[in-house]
Amino acid sequence: QVQLVESGGGLVQPGGSLRLSCVVSGSWFNSFGMGWYRQAPGKQRELVAYITSGHSTDLSHSVKDRFTISRDDPKNTVYLQMNSLKPEDTAVYYCYADRPVGGNRREEYWGQGTQVTVSS
């Protein structure tokens with residue numbers, strides 16, 4: 001059974017920083033690609049950042065110069081370091097994991113989400 005548990009959300013002032021963490025239970029963490037999605041009220045869920053099992057990273061244009069995604073495989077943990085936060089970063093942030101399981105199929109897992117609110 002694979003479970004994802006996020007932590008680190010909260011209320012921060014514009015220009016501030018937060019670091020989100022996501023711990024993955026179960027084995028073979030290093031076989032997963034890991035990502036962070038976010039969903040603001042009234043908007044669709046969007047991919048913010050992704051890191052492959054080989055540690056290659058990709059970030060959305062809106063956060064590219066402010067956020068960093070990283071992973072610590074021995075700790076089964078992926079991080080999202082968020083700097084220079086803006087009110088428009090306010091959203092529920094979800095941890096995501098996926099890996100191939102044969103053919104074109106992939107298995108996917110989601111965390112429960114953690115609220116990030118950027119406000120003065």
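Four strands make up an open sheet, in the order β1-β3-β8-β7, with antiparallel pairing. The model is a predicted one. Look at the ends of that order. β1 (4-7) and β7 (67-72) are the edge strands, and each has a single partner strand, so one side of each has no neighbour in the sheet. From one strand to the next, the twist averages 15 degrees.

β1 runs antiparallel to strand β3 (residues 18-24), and 4 bridges join the two. Pick out V5 to see one of these pairings: its bridge partner in β3 is V23.

Now go to the other end of the sheet. N76 sits in the loop between β7 and β8 (77-82). Which residues does N76 touch, apart from its neighbours within four places in sequence? They are C22, V23, V24, G26 and F29.

Next, find strand β9 (residues 91-102). It pairs with strand β4 (residues 33-39) through 7 bridges, and the two run antiparallel. Within this pairing, Y37 stands opposite Y94 of β9.

β9 also pairs with β11 and β10. Strand β11 (residues 114-118) runs antiparallel to β9, with 3 bridges between them. Here Y93 has T114 of β11 as its bridge partner. Strand β10 (residues 105-110) pairs with β9 in the antiparallel sense as well, over 6 bridges. In that pairing, P100 faces R106 of β10.

How many residues lie between β9 and β10 in their hairpin? There are 2.

Finish with K43. This residue belongs to the loop between β4 and β5 (46-51). Is K43 buried or exposed? K43 is exposed, because its relative accessible area is 59% and exposed means over 50%. K43 and A91 are 48 residues apart along the chain, and their C-alpha atoms are separated by 9.5 Å. A91 brings you back to β9, which covers residues 91-102.

Terms used. Residues are numbered from 1 along each chain as its sequence is written. This is a predicted model: local features need pLDDT of at least 70, side-chain atom pairs count only at pLDDT 80 or more; totals for chains, interfaces and linings use all residues. Side-chain values use heavy atoms; hydrogens and water are left out. Two strands pair if DSSP finds at least two bridges between them. Axes are lines fitted to C-alpha atoms, for helices over the stretch in contact, and angles run from 0 to 180 degrees between N-to-C directions. Buried means under 20% relative accessible area, exposed over 50%, partly exposed in between (1.4 Å probe, protein chains only). Contact means heavy atoms within 4.5 Å.
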